[in-house]
Every structure is written in C-alpha cells, then in structure tokens.
Amino acid sequence: MATNTQKKAQAHMAARDTRPAAHAKYVRISSRKVKIVIDLIRGKNVDDALAILQYTPKAAAPVVHKLLSSAIANAVNNNEMDRKALYVAEIYANPGPTLKRIRPRAKGSASRIRKRTCHITIIVAPREEA
C-alpha cells in the first residue's frame with residue numbers, strides 16, 4: 001500500500017513546476033476585477049510590469065504589485081536568477097470562496113450580498129535569448 005503512495009509522490013515531484021512563483025489566496029477582490037489588471041502585464045518584463053502596476057488606477061493594482069515583487073524576490077533569492085532577464089510567464093486569478101451576507105429589504109424580506117474573493121498566482125521565468 002505504501003509503495004503506491006511513494007510512486008505517486010515521486011511522479012508528482014518529477015512533474016512539479018520548478019519556476020519561481022508567488023500565490024495570494026483569499027484576496028477580497030472579485031476575480032473579474034483582478035483579471036482586468038493582470039491582462040495588462042502578462043508576458044511583460046518584470047520591471048515594465050511593475051511600472052505599469054504603479055500607475056494603474058484600479059483596486060487590484062497594489063495587490064498584484066506586491067505579489068509580483070514577492071515572485072521576483074523568490075526568483076532572485078531562492079533560485080539565483082538574474083532580475084533583468086525575468087518576465088511574467090504565467091499570471092492568473094481564480095475565484096475563491098464567496099462570503100454570503102444578508103441585507104434587510106422592504107416588507108421583512110432580505111437580499112443576499114456576495115462578497116467575492118480570489119486566488120492570484122504569478123509565475124516568473126527567465127526569458128530565453130535566441
């Protein structure tokens with residue numbers, strides 16, 4: 001029984017993505033609003049992406065800026081990569097759990113308020129010079 005578990009673990013480790021990444025979970029912004037911001041920086045060099053995020057007037061921009069800075073720090077400190085060669089290889093925002101709240105309405109009824117959350121992931125990689 002344990003050998004199958006060990007084989008699964010070895011297969012998982014072999015298929016694991018080794019590119020440096022950063023994750024932010026349970027961010028209190030809707031994933032639709034975050035996707036508008038992350039589409040601006042997908043595929044860009046990290047310095048250009050940070051500059052774009054610095055001057056983007058959206059609520060998700062500071063969160064993505066901080067997360068991108070974390071991904072850059074992970075690449076430089078943990079993997080000894082050159083910062084100038086890094087670019088945003090993958091970035092995506094998935095919906096997280098929704099907080100459900102109630103607002104009182106007329107005639108004793110109530111309506112549902114959905115406070116949406118999201119999980120944001122950034123993966124950076126060195127650009128291949130060809």
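1. Asp 47 is partly exposed in this predicted model, because its relative accessibility is 38%. Its salt-bridge partner is Arg 83, with the closest N and O atoms 3.0 Å apart. Arg 83 is partly exposed as well, at a relative accessible area of 35%. The pair links distant parts of the chain: Asp 47 sits in helix α3 and Arg 83 in the loop between α4 and β2, 36 residues apart.

2. The count of salt bridges comes to 3. One of them joins Arg 19 to Glu 90, with a closest N to O separation of 2.6 Å. Arg 19 belongs to the loop between α1 (2-15) and β1, and Glu 90 to strand β2, so this pair ties together parts that are 71 residues apart in sequence. Arg 19 has 30% relative accessibility and counts as partly exposed; Glu 90, at 29%, also counts as partly exposed.

3. Another salt bridge is formed by Arg 42 and Asp 39, whose closest N and O atoms are 2.7 Å apart. Relative accessibility is 40% for Arg 42, which counts as partly exposed. Asp 39 counts as partly exposed at 47%.

4. The largest nonpolar core has 28 residues. Those with the most contacts inside this core are Val 34, Val 64, Leu 68, Ile 120 and Ile 122. Two or more core residues come from each of β1 (21-27), α2, α3 (46-54), α4 (61-79), β2 (86-95) and β5 (118-126). Helix α4 supplies the largest share, 7 residues.

5. Elements giving two or more residues to the patch are α2 (31-41), β3 (99-104) and β4 (110-115). Strand β4 gives the most, with 3 residues.

6. Backbone angles deserve a remark. Most residues other than glycine have a negative phi. Tyr 26, however, has a positive phi near 60 degrees. Tyr 26 is placed in strand β1 and counts as exposed, at 55% relative accessibility.

7. Lys 107 is not a glycine either, and has a positive phi of about 60 degrees. Lys 107 lies in the loop between β3 and β4. With a relative accessible area of 88%, Lys 107 is exposed.

Terms used
Residues numbered from 1 in each chain as written. Predicted model: local features only at pLDDT ≥ 70, side-chain atom pairs only at ≥ 80, totals over all residues. Heavy atoms only, no water. Helix = DSSP H or I, 4+ residues; strand = E, 2+ residues; numbered from the N terminus. Core = buried A, V, L, I, M, F, W, Y, C linked by side-chain atoms within 4.5 Å. Buried < 20%, exposed > 50% of the residue type's maximum accessible area, 1.4 Å probe, protein only. Salt bridge = Lys/Arg side-chain N within 4 Å of Asp/Glu carboxyl O.
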